[in-house]
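User: I'm new to this one. Could you show me how to read a strand and a core?

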Amino acid sequence: MDVETLRYLIALQCLYPNNVHRVRMLLEKFPNPQDAWEHAQGERFVEAMAHAERELDFITQHKISTYYYQDDNYPYRLKQCPDAPVLLFGKGNLNLNSGKFVSIVGTRTASENGKELTRRLVLDLAKRVPDITIVSGLAYGIDVAAHRAALEAGVSTIIIPAHGLDRIYPTIHRQVAVAALEKGGILTEYPSETVPDKVNFVARNRIVAGLADAVVIAESKLKGGSLITAYDANGYDRNLYAFPGRPQDINSQGCNTLIRTQRAMLITNADDLINDMQWQSVAQPIQMEMEDLTAELDSVEKQLVKLVRSAEDGIHIDQLSEKMALPYAQIAASMMVLEMTGFVKVLPGNMYRALK
């Protein structure tokens, strides 16, 4: 892309921040960005063009890559979305059009169980689908856990921030962002000098969803950015998955609702996702180890897991009730939780077997 074309594209985005529809309408009517700029209307023409000039210097100085939605290097998955950004800015070793992309998002106040589920999902995906790229937003909780797991596994990870490439937010995750530049990188629609305003976080979620083949919600409350990403994924016809959680857990209410309303498919491990996506695997199916995940269970559920694991051929719910000296109804409720969270499998005749 020549410098003049890039200058006017940046100026248009600066003139209409978070109004991609208006920019795209102009470019559809006037395909030449300079013509589109001359026919644009607004009160910030001088400011927008001055910002564009500074951005050109920033791009040159910091070796920023640009991706115009009419060009071949633009991510093809994102190009399918009607509200995809006209122009993207990237830093790092970005490969946006090969391999398989999975976006993993969730609550910022993630539990240890949620972060461990995320880590295991990424590590297992990396073992079986080595050309995987993990996409997320670098936020606290699930997002940064996904990026860290990708770095641990040695696979590509892409950060989608809600600001320009002249800063990292939150700053505490700067080390993760720098490490991601080696294999993956940072991709944003925002020019430098753009601060992480609330509206930007909402807008960037559509990129997280649109860039992926599959979107996973690891933990989510009933409200939050991860649910916005989920709805974007549904709108873009992306495969959406969610980890189930206990009904009383606030951090799982969003995931459980997505599953209950059939907006997302229930998964418990990487095997579920790989099989549903019909991806070729380079290794044998992974058996998820559950020992470290029992920390989130209550005392009754932990004891039930031990009893089921000790019975090689399965155990009847009446036997569990007798051994625990607890009412049948209480045991049945606890076993439902263990089934939803992937610790046990229910067999015909009210028998249960451990998933090891």
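Analyst: Let's take strands, then cores. This is a predicted model, where local features need pLDDT of at least 70, side-chain atom pairs count only at pLDDT 80 or more, and totals for chains, interfaces and linings use all residues. Residues are numbered from 1 along each chain as its sequence is written, and side-chain values use heavy atoms, with hydrogens and water left out.

User: Which residues of strand 12 are on its covered face, and which on the uncovered one?

Analyst: In a regular strand, side chains alternate between the two faces of the sheet. Here, strand 12 (residues 351-354) covers Tyr 352 and Ala 354, while Met 351 and Arg 353 sit on the uncovered face. Strands are DSSP runs of E, at least two residues, numbered from the N terminus; helices are runs of H or I, at least four.

User: Which strands does strand 12 pair with?

Analyst: Pairing takes at least two DSSP bridges between two strands. Strand 11 (residues 344-347) runs antiparallel to strand 12 over four bridges, with Val 346 opposite Tyr 352. Three residues separate these two in a hairpin, and Gly 349 in the turn has a positive phi of about 80°. Strand 10 (residues 315-316) is also antiparallel to strand 12, joined by two bridges, and His 316 faces Met 351.

User: How many residues are in the largest nonpolar core?

Analyst: In soluble globular proteins, nonpolar side chains tend to be buried together. A nonpolar core is a set of buried (under 20% relative accessible area, 1.4 Å probe, protein chains only) Ala, Val, Leu, Ile, Met, Phe, Trp, Tyr and Cys residues joined through side-chain atoms within 4.5 Å. The largest has 69 residues, and Ile 10 and Leu 27 are among those with the most contacts inside it. Helix 1 (residues 3-15) gives this core its largest share, eight residues. Apart from it lies another core of 27 residues, including Ile 104 and Trp 279.

Terms used. Buried < 20%, exposed > 50% of the residue type's maximum accessible area, 1.4 Å probe, protein only.
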